[in-house]
Amino acid sequence: MAGRLEGKVALVSGAARGQGRSHAVRLAQEGADVIAFDVCSQLGTVPYPLATPDDLAETVRQVEELDRRIVAREADVRDSGALTALVAEGVGELGRLDVVCANAGIATFAENAWSITDEAWDEMIAVNLTGVWRTVQAAIPTMIDGGDGGSIVITSSTAGIKGMAGIAHYAAAKHGVVGLMRTLAIELAPHSIRVNTVHPTGVNTPMVVNDFTAQFLATDDGAANIQNLLPVEMVEAVDISNAVVWLASDEARYVTGVSLPVDAGFLQK
């Protein structure tokens, strides 16, 4: 039986590991070919190890193991030129572009909003907000020219739904992408391109499960940020990927301008 995304091509940012790798693999399982990228180097304000070229190579291996094609490159979401070139290369090889998963992101922490350094604020906004805009900016003209519509899924967070202590810059960026999504949903509707955000709770990925993040989560504020209504401490990356696949598929063909939480039940507590 054909997958829900058979014959489609998806662009995935932050694809070297964590949610990005999971998205790339799940999209491939549903029949999509993949254009994947990740910065694969350390950023100055991020205290935990970021993905490596070997991590990106493992994503390639897992997608190819599913007998799907993949174009994978090291690229920074802050570099518009690199993203435009990647989209051109990927579409040149794979033939089209139907789905964008703007997933790349970082997390850093501070005691409060006014103690965040200028460098940490600027890098957070550059990656988690401006980087999303640069990703879709590079992809949208090709999607429009293709004439077949499509789906853009932006990774926000439960921190894009409510304020959270200790991560003001992260929450600001994740709220920001919701505004971007809602505007794009209006602007792209005439082209049958749907735009939605997905809002993960705490996810079992290297961004969350590391010594530095653990120190923050051990505080009262940090623990409150990942409380769930369902009886699970964290969800798995594939749980987010399943939501992404649905939003990208024809099953969600009339779903646009929507913020889809993955267990934001703590909002009602």
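In the predicted model, the contact between helices α1 and α2 is made by R21, A24, V25 and A28 on the α1 side and by D55, E58, T59, Q62 and V63 on the α2 side. By residue class, this contact comprises four nonpolar, two polar and three charged residues. Helix α1 covers residues 18-29 and helix α2 residues 53-65, and their axes lie 9 Å apart at an angle of about 15°. Because angles under 35 degrees count as roughly parallel, α1 and α2 are assigned to that class. The crossing of α1 past α2 is right-handed.

From α4, the contact draws on A120, W121, M124, I125, N128, L129, V132, W133, V136, I140 and I144, and from α5 on A168, H169, Y170, A172, A173, K174, G176, V177, L180, L184 and L188. These residues divide into 18 nonpolar, three polar and one charged.

Within this second contact, H169 was examined individually. H169 belongs to helix α5, which spans residues 168-188. Its relative accessibility is 1%, and H169 therefore counts as buried. When neighbours within four places in sequence are set aside, the contacts of H169 are T108, F109, I116, A120, W121, M124 and I125.

F109, one of the residues in contact with H169, also takes part in an aromatic pair with F216. The structure holds one such pair. F109 is located in the loop between β4 (99-102) and α4 (118-146), whereas F216 lies in helix α6 (residues 211-217), so the pair ties together parts of the chain that are 107 residues apart in sequence. The two partners fall into separate accessibility classes: F109, with a relative accessibility of 27%, counts as partly exposed, while F216, at 11%, counts as buried.

Helix α3 (residues 80-94) contains V87, a residue that counts as buried at 3% relative accessibility. Apart from neighbours within four places in sequence, V87 is in contact with L11, L97, A138, A139 and T142. The C-alpha atom of V87 is separated by 22 Å from that of I106, a residue 19 positions away along the chain.

Positive phi values in residues other than glycine were found at C40 and D67. For C40, phi is near 55°, and the residue is placed in the loop between β2 (33-38) and α2. For D67, phi is about 65°, and the residue is placed in the loop between α2 and β3 (70-74). The accessibilities of the two residues contrast: C40 counts as buried at 8% relative accessibility, whereas D67 is exposed, with a relative accessible area of 68%.

Notes: Residues are numbered from 1 along each chain as its sequence is written. This is a predicted model: local features need pLDDT of at least 70, side-chain atom pairs count only at pLDDT 80 or more; totals for chains, interfaces and linings use all residues. Side-chain values use heavy atoms; hydrogens and water are left out. Axes are lines fitted to C-alpha atoms, for helices over the stretch in contact, and angles run from 0 to 180 degrees between N-to-C directions. Helices (H or I, at least four residues) and strands (E, at least two) are DSSP runs, numbered from the N terminus. Angles under 35 degrees count as roughly parallel, over 145 as roughly antiparallel, 65 to 115 as roughly perpendicular and the rest as oblique. A crossing is left-handed if the near helix is turned anticlockwise from the far one by less than a right angle, and right-handed if clockwise. Contact means heavy atoms within 4.5 Å. Ala, Val, Leu, Ile, Met, Phe, Trp, Tyr, Cys and Pro count as nonpolar, Asp, Glu, Lys and Arg as charged, and the others, Gly among them, as polar. Rings of Phe, Tyr and Trp (its six-membered ring) pair if their centres lie within 6.5 Å; planes under 30 degrees apart count as stacked, over 60 as edge-to-face and the rest as tilted. Buried means under 20% relative accessible area, exposed over 50%, partly exposed in between (1.4 Å probe, protein chains only).
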